[in-house]
Protein chains: 2
Amino acid sequence: MEEWFKKRHARRKELTADNLFTKLVTGDKQALSSAITLVESAAIVHKKEARKLVKKCLPHSGNSFRIGITGVPGVGKSTFIEAFGSLLLQMGKRVAVLAIDPSSLSSGGSILGDKTRMPRLSVHPNAFVRPSAAGSTLGGVAATTRECIYLCEAAGFDVILIETVGVGQSETLVHSMVDFFLLLMLSGAGDELQGMKRGIMEMADLLVITKADGYNIAQAEVAAKTYNNALHLFPQKESNWVAKATTCSALEDKNLETVWEILERFYRHARSNGWIGHQRKEQDKQWLMEVLKDLLLKDFFQDTHWKVKLQEMEELVRKGEMTSLQGAELLFNSFKSS
Amino acid sequence: MEEWFKKRHARRKELTADNLFTKLVTGDKQALSSAITLVESAAIVHKKEARKLVKKCLPHSGNSFRIGITGVPGVGKSTFIEAFGSLLLQMGKRVAVLAIDPSSLSSGGSILGDKTRMPRLSVHPNAFVRPSAAGSTLGGVAATTRECIYLCEAAGFDVILIETVGVGQSETLVHSMVDFFLLLMLSGAGDELQGMKRGIMEMADLLVITKADGYNIAQAEVAAKTYNNALHLFPQKESNWVAKATTCSALEDKNLETVWEILERFYRHARSNGWIGHQRKEQDKQWLMEVLKDLLLKDFFQDTHWKVKLQEMEELVRKGEMTSLQGAELLFNSFKSS
């Protein structure tokens with residue numbers, strides 16, 4: 001047998017649930033990486049192994065602090081995560097960074113795929129950085145990311161940072177898989193200008209005004225104050241946690257400890273009173289629904305035959321030969337009886 | 001044959017497409033009312049006639065100005081529509097008022113069902129007021145309302161006001177079936193306090209600050225000015241229309257002409273440059289998709305058998321025996337193979 005074939009065969013063998021699991025629970029980053037590749041794979045044979053692997057990991061999962069981080073492009077997410085993650089590493093924590101990137105759906109990869117944007121974390125033995133998952137829909141990507149959380153937890157990571165770009169639907173998806181939602185903002189830009197939807201601000205447990213250094217300090221402090229006042233106007237959170245706003249400078253490593261103290265205070269409180277456990281159960285339930293909806297819709301909309309039928313129907317509706325309602329009912333009925 | 005039976009039989013006979021259509025196109029309000037009842041009916045036999053009727057009406061539809069009106073409870077929607085509608089009637093227009101009311105889904109009827117809230121319009125020969133449609137989902141109600149627009153147009157109504165309560169998803173649905181979106185607001189309340197999502201303000205073609213009378217005038221003027229400035233910050237609309245803000249008092253019949261002038265300016269412009277036609281085609285396409293999605297999801301989620309299966313799966317996920325993704329995939333596969 002040729003050498004390359006042996007190697008390839010050996011690699012393939014590694015991609016089994018049992019094999020990966022044994023290494024993964026010891027904290028082996030290479031195994032974790034392969035496990036995520038397996039979970040992301042669309043191949044049927046991989047799907048079965050992936051399911052088995054995640055099932056094995058489930059009893060070992062749940063012991064991390066899951067933190068969502070978002071903010072519009074330019075807010076300094078990478079720089080923040082690099083500096084904040086390094087601080088956590090210094091505290092002896094094991095830190096995993098996962099990303100959900102809506103832009104990668106069309107471009108097939110983006111800035112988030114670039115590991116060089118977090119050089120310190122990427123090479124640290126206690127850190128694991130994984131770029132955006134692959135997938136054909138945002139929901140699909142997010143579903144995979146959720147499974148990856150369990151894998152990271154089984155591999156012993158105790159802080160998981162899930163980042164996304166603050167531009168739309170992806171925040172809601174991230175919010176529904178984390179314990180704490182951290183929103184990075186710039187001072188000096190109204191939230192209109194930051195393209196931030198109000199709904200996202202309402203989801204935030206903590207607003208961090210970034211780049212509070214040099215000439216920006218005063219402005220950042222004012223912004224934090226303003227937000228602190230505004231946050232009181234929002235309806236109270238189910239967790240009884242009152243959202244806060246603070247500033248930091250990742251460039252000058254300033255105030256990152258304060259950010260962590262706030263997060264830790266939340267975690268201690270929410271862990272002890274059972275909120276985190278409760279919240280995760282609710283999230284699981286909601287996700288079951290979301291994924292199911294995604295599958296039911298994809299079944300029609302990603303089928304070539306029905307794509308063509310839909311186009312034909314659009315044409316009939318366009319010509320005024322029937323209404324949208326009538327067209328949809330006809331299409332649905334023929335889909336059901338097929 | 002007894003009298004009541006004859007009457008009942010006669011009424012039933014009326015509920016046929018041909019019968020209703022002949023009367024409806026002459027502008028017969030009673031026939032329009034029965035036609036809407038037919039379209040709203042869930043009975044199979046009615047559905048068939050309804051489809052036939054709407055199809056007959058389609059070539060006679062499309063000639064109205066479709067205006068969406070929203071605002072939070074308390075903003076004075078009924079009072080505004082009553083006064084504004086009366087102005088349009090004075091101008092010789094025929095005015096229909098339809099409503100989409102999310103609250104009626106759970107309560108089975110609400111304030112919107114109360115015709116007495118628009119006493120002048122309700123009795124005027126050239127006005128037609130119809131309370132919220134029946135249905136089990138907001139999407140279903142909205143789909144029916146869309147068919148009702150065609151019926152009203154075929155019955156010769158040239159202005160159709162579609163109102164909804166400004167609390168959430170229903171605005172998006174209304175926005176997707178109208179030519180112009182009018183948002184009523186109160187002065188003196190930040191939009192946080194009005195529970196208004198930013199997305200709704202972005203959809204508005206015109207903001208009208210209501211209750212600009214008595215002590216409120218100055219405050220209302222300031223609010224209109226502030227909004228006029230803020231509206232410039234929003235991204236440009238596809239229609240090239242720049243959203244405006246103005247004030248009015250329905251109580252004192254003040255400034256309602258101005259509101260109509262703004263709407264008419266839009267209509268003339270958007271009709272002549274083809275925007276309205278283009279927009280309606282886009283809306284039709286989008287609705288075909290929305291209704292189809294609604295049907296595909298209802299097929300699973302409103303089936304008793306699958307409801308039970310879903311609950312069982314939720315329990316398994318809750319116990320940590322599988323992940324949401326795995327549970328959803330299992331459910332979907334057994335649904336497909338059933």
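F157(B) counts as buried because 26 C-beta neighbours lie inside 10 Å; a residue is termed buried if 20 or more other C-beta atoms, placed from the backbone, lie within 10 Å of its own, exposed if 12 or fewer, and partly exposed in between. The model is predicted, so that local features need pLDDT of at least 70 and side-chain atom pairs count only at pLDDT 80 or more, whereas totals for chains, interfaces and linings use all residues. Residues are numbered from 1 along each chain as its sequence is written, and chains are lettered from A and ligands numbered from 1 in the order in which they are written.

F157(B) sits in the loop between α8 (138–154) and β4 (159–165) of chain B. Helices (H or I, at least four residues) and strands (E, at least two) are DSSP runs numbered from the N terminus. Leaving aside residues up to four places away in sequence, F157(B) touches S64(B), R94(B), V95(B), A96(B), F128(B) and C152(B), where contact requires C-beta atoms, placed from the backbone, within 7 Å. F128(B) is 29 residues from F157(B) along the chain, and their C-alpha atoms are 8.5 Å apart.

Strand β6 (residues 206–209) of chain B runs parallel to β5 (residues 180–185) of chain B, to which 4 bridges join it; two strands pair if DSSP finds at least two bridges between them. L182(B) has L206(B) as its bridge partner in β6(B). β6(B) also pairs in the parallel sense with β7 (residues 244–247) of chain B, over 4 bridges, and T246(B) in β7(B) is the bridge partner of V208(B). Between β6(B) and β7(B) the chain passes through helix α11 (residues 217–231) of chain B in a right-handed β-α-β crossover, that is, with the strands pointing away from the viewer, the path from the first strand over the helix to the second runs clockwise. L206(B) and V208(B) point one way from β6(B), L207(B) and I209(B) point the other way, and all are buried.

The contact between the chains takes 40 residues from chain B and 39 residues from chain A. On the side of chain B that touches chain A, two or more residues each come from α4 (44–57), α8, α10 (198–203), α13 (275–301), α14 (304–318) and α15 (324–336) of chain B. The largest share, 12 residues, belongs to α13(B). By type, this side of chain B divides into 20 nonpolar, 6 polar and 14 charged residues; Ala, Val, Leu, Ile, Met, Phe, Trp, Tyr, Cys and Pro count as nonpolar, Asp, Glu, Lys and Arg as charged, and the others, Gly among them, as polar.

Helix α14(B) has 15 residues and reaches 21 Å from its first C-alpha to its last, close to the 21 Å expected at 1.5 Å a residue; the expected span is 1.5 Å times one less than the number of residues. L310(B), M313(B) and V317(B) are buried in α14(B). Seen down the helix axis, the buried residues of α14(B) fall within an arc of 65° and so line one face, the arc being that of the directions from the axis to the C-beta atoms. The face turned away from the buried side carries the exposed residues T304(B), H305(B), V308(B), Q311(B), E312(B) and E315(B). Cover for the buried residues of α14(B) includes α13 (275–301) of chain A together with α15 of chain B. Just after α14(B), G320(B) takes a positive phi of about 80°.

How values were computed
Two residues are in contact if their C-beta atoms, placed from the backbone, lie within 7 Å.
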